[in-house]
Amino acid sequence: MNEGLDQPRLGLTPEPDEERRENLQEPEPAEPDDWAEAEPAEEEAEGEDVPAEEDELPRLPEHAAGDLRIPDGYGVIEGEPTGTRRAVGVVVARFNGELTGELLARALDELERAGVGREAVTVIPVPGAFELPLAAMALAKTRRYSCIVALGVVIRGETPHFELVASEAASGLQLAGLETGVPVAFGVLTTDDEEQARARLDKGAEAARAALEMADVFSQLRAAAGTAAT
């Protein structure tokens, strides 16, 4: 840290005498031929905005969709997004209510298409996304619901509040599922602006399908465990 502190600073040392000044030689200018050889290299450097190899790199999509193929010969337990004889709990944030209301509508429509009756669905509104995990945990602990769907919208602002709420909502909802063994689907949008959120409102339906699929997987696992025990 003290390196260089003992060295004399510029402008503080005595002015050199005339004899020493005469011994200071300025560098000789390059010959014109030297300049001519250097110019093409400089022009080439100025023209290199982006390396050529970077232009050739493929631009990957944000998400890569595709079908999962499992090799033959393995036991597979795969859930179906079916809601027959299933009770579903839905927790939805009131904050950004215009958007979360659309998420809820699409989730409920998807549950109805999957065969979940309206009488089998319980909806709990909460103040915001931060409160979603607590409500999801409470629903799951009743053991009355096959799965839980959590819906909310968190839009980035000018402070770190966005990161705190989004992170706690995600980790809390995961914890609710891990501690209770009841599938909790994450239908919380975390976007930079309202326009991005509106473009992703189908996440409500996707979350409903994910919850039903996981509930079906758990049901098959319990059935398989019961058969093995007998």
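Which residues does aspartate 216 touch, not counting residues up to four places away in sequence? In this predicted model, aspartate 216 touches Glu78, Gly79, Glu80 and Arg86. Aspartate 216 lies in helix H8, and it counts as buried because its relative accessible area is 12%, which is under the 20% cut-off.

**The chain as a whole**

The secondary structure of the chain comes to eight helices and four strands, and, read from the N terminus on, these elements follow the order α-α-α-β-α-β-α-β-α-β-α-α. Of the 230 residues in the chain, 29% count as buried, while the chain exposes about 16800 Å², of which carbon and sulfur atoms supply 51%. When contacts between residues at least 6 apart in sequence are considered, 81% of them join residues at least 24 apart.

**How far the model can be read**

The average pLDDT of the chain is 80, and 70% of the residues score at least 70. Where pLDDT is low, the predicted coordinates should not be read in detail.

**The nonpolar cores**

The largest nonpolar core has 25 residues, and those with the most contacts inside it are Val88, Val90, Leu111, Val116, Val149, Leu151 and Leu212. The elements that give two or more residues to this core are E1, helix H4 (97-113), strand E3 (147-155), strand E4 (184-191) and helix H8 (203-229). A second, separate core has 22 residues, including Ala135, Ala136, Ala140 and Tyr145. Returning to valine 88, its contacts, not counting residues up to four places away in sequence, include Leu111, Val116, Val149 and Leu212, and Tyr145 is also among the residues that valine 88 touches.

**Helix H5 and alanine 136**

Helix H5 (residues 132-141) holds alanine 136. H5 is mostly covered, since seven of its ten residues are buried, namely Leu132, Pro133, Ala135, Ala136, Met137, Leu139 and Ala140. The buried residues of H5 pack against E1, strand E2 (121-126), E3, helix H6 (161-180) and E4. Alanine 136 itself touches Val91, Ile148, Leu173, Ala176 and Val184, not counting residues up to four places away in sequence. After H5 comes arginine 143, whose phi is positive, near 65°.

**A patch on the surface**

Leu68, Ile70, Tyr74 and Val76 form a nonpolar patch on the surface, and together they have about 470 Å² of accessible area. Tyrosine 74 lies in the loop between helix H3 (52-55) and strand E1 (88-93).

| Residue | Relative accessible area | Class |
|---|---|---|
| Tyrosine 74 | 60% | exposed |
| Alanine 136 | 0% | buried |
| Aspartate 216 | 12% | buried |

Why is tyrosine 74 classed as exposed? Tyrosine 74 is classed as exposed because its relative accessible area is 60%, and exposed means over 50%.

Technical notes: Residues numbered from 1 in each chain as written. Predicted model: local features only at pLDDT ≥ 70, side-chain atom pairs only at ≥ 80, totals over all residues. Heavy atoms only, no water. Patch = residues over 30% accessible without salt bridge, like charges linked within 9 Å, V, L, I, M, F, W, Y side chains within 5 Å. Areas by Shrake-Rupley, 256 points an atom, 1.4 Å probe, with all protein chains shown as cover. Salt bridge = Lys/Arg side-chain N within 4 Å of Asp/Glu carboxyl O. Buried < 20%, exposed > 50% of the residue type's maximum accessible area, 1.4 Å probe, protein only. Core = buried A, V, L, I, M, F, W, Y, C linked by side-chain atoms within 4.5 Å. Contact = heavy atoms within 4.5 Å. pLDDT = per-residue confidence, 0-100.
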